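Good morning, and thank you for joining this group meeting.

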Amino acid sequence: MSLKFKKAIIIGGSKGLGKAISTSLKEIKVKTIACSRKEIDTSNISSVIKFCKKYREIDILVLNTGGPPPLKFNEINIEDWRKYFNQLFLSFFILLKNIKIKKNGYIFYISSSIIKEPGDSLIISSSLRSAMSSLLKSYSLEKSSQGITAINIAPGPFKTNRVKQLVKNLRRYEKSLPTKKIGNPKEIGEFVRFIVQKQIKYISGSTVYFDGNLNKSYN
Ligand SMILES: NC(=O)c1ccc[n+]([C@@H]2O[C@H](COP(=O)([O-])OP(=O)(O)OC[C@H]3O[C@@H](n4cnc5c(N)ncnc54)[C@H](OP(=O)(O)O)[C@@H]3O)[C@@H](O)[C@H]2O)c1
């Protein structure tokens, strides 16, 4: 099938990294449904269930959403865990369970490079995204025989609203990075486009650290 008949759903596709993915896929004529919270709010399970009734199957699914606040261990309360468990984990499980990915389709999950190196802040993010990364791996093992390719994209700092909210002095922060640059969201968009356009399949089940060498580990 030609790419112009392929359809992609991008959760959290109205801004930042999700928008960059949507823009890149549109350039190769993939029909994209780029969602904001108005279409699906992943912190609200009824909104997710409603969304699944509307879209039963798709060629490409991008699992992305807003990030949680940077809270330290003692600042996190039970309600925070409940909200972000829904937002960052349970909703994605429901989407994967209810939206069929067509044969030879793709799933891209936007996690974070902190799944490799959790810190003393952003604990909700590193914990729940590690769990989701594990779930995606299990899902991809089951779906591999159908040619479904699942890739976990683990970004470091990229120039979006999210990073502007988290970092006070962007210029100083940029200078502290190994590449001296904050990532350009377009690169993640182009990476996804390349994988889809070239029908790269054997990368399935991998985590791609897109972090400009921020993590010091080689694996
Ligand atoms: N940028 C980075 O440096 C970076 C690094 C590592 C990880 N990440 C993670 O990657 C994801 C995307 O980041 P970004 O920088 O692109 O963020 P962003 O620019 O703030 O965009 C967030 C996107 O997610 C949507 N969204 C927010 N809350 C949502 C919810 N409850 N349900 C569904 N959609 C929701 C937003 O839609 P609306 O239009 O409705 O606001 C928007 O489309 C985040 O989870 C972030 O934590 C980002």
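Two strands are said to pair if DSSP finds at least two bridges between them. Helices (H or I, at least four residues) and strands (E, at least two) are DSSP runs, numbered from the N terminus. Residues are numbered from 1 along each chain as its sequence is written. This is a predicted model, in which local features need pLDDT of at least 70, side-chain atom pairs count only at pLDDT 80 or more, and totals for chains, interfaces and linings use all residues.

Six strands form an open sheet in the order 2-1-3-4-5-6, with parallel pairing. Strand 2 and strand 6 (207-210) each have a single partner strand, so one side of each is left without a neighbour in the sheet.

Strand 3 (residues 57-63) pairs with strand 4 (residues 100-110) in the parallel sense over six bridges. Within this pair, Val62 has Phe108 of strand 4 as its bridge partner. Between strand 3 and strand 4 the chain passes through helix 3 (residues 78-98), and this β-α-β crossover is right-handed; that is, with the strands pointing away from the viewer, the path from the first strand over the helix to the second runs clockwise.

Strand 4 is also joined to strand 5 (residues 149-155), by five bridges, and the two run parallel. Here Phe108 stands opposite Ile151 in strand 5.

I turn now to two residues with a particular backbone angle. Most residues other than glycine have a negative phi. Lys29, however, has a positive phi near 70°, and Lys29 is found in the loop between helix 1 and strand 2 (31-34). Asn104, which lies in strand 4, has a positive phi of about 65° although it is not a glycine.

Finally, the ligand. It is surrounded by 28 residues, and the closest are Gly12, Gly16, Gly66, Gly67 and Thr160; a residue counts as near if its C-beta atom, placed from the backbone, lies within 6 Å. Helix 1 (16-27) and helix 5 (161-166) are the elements that give two or more residues to this shell.
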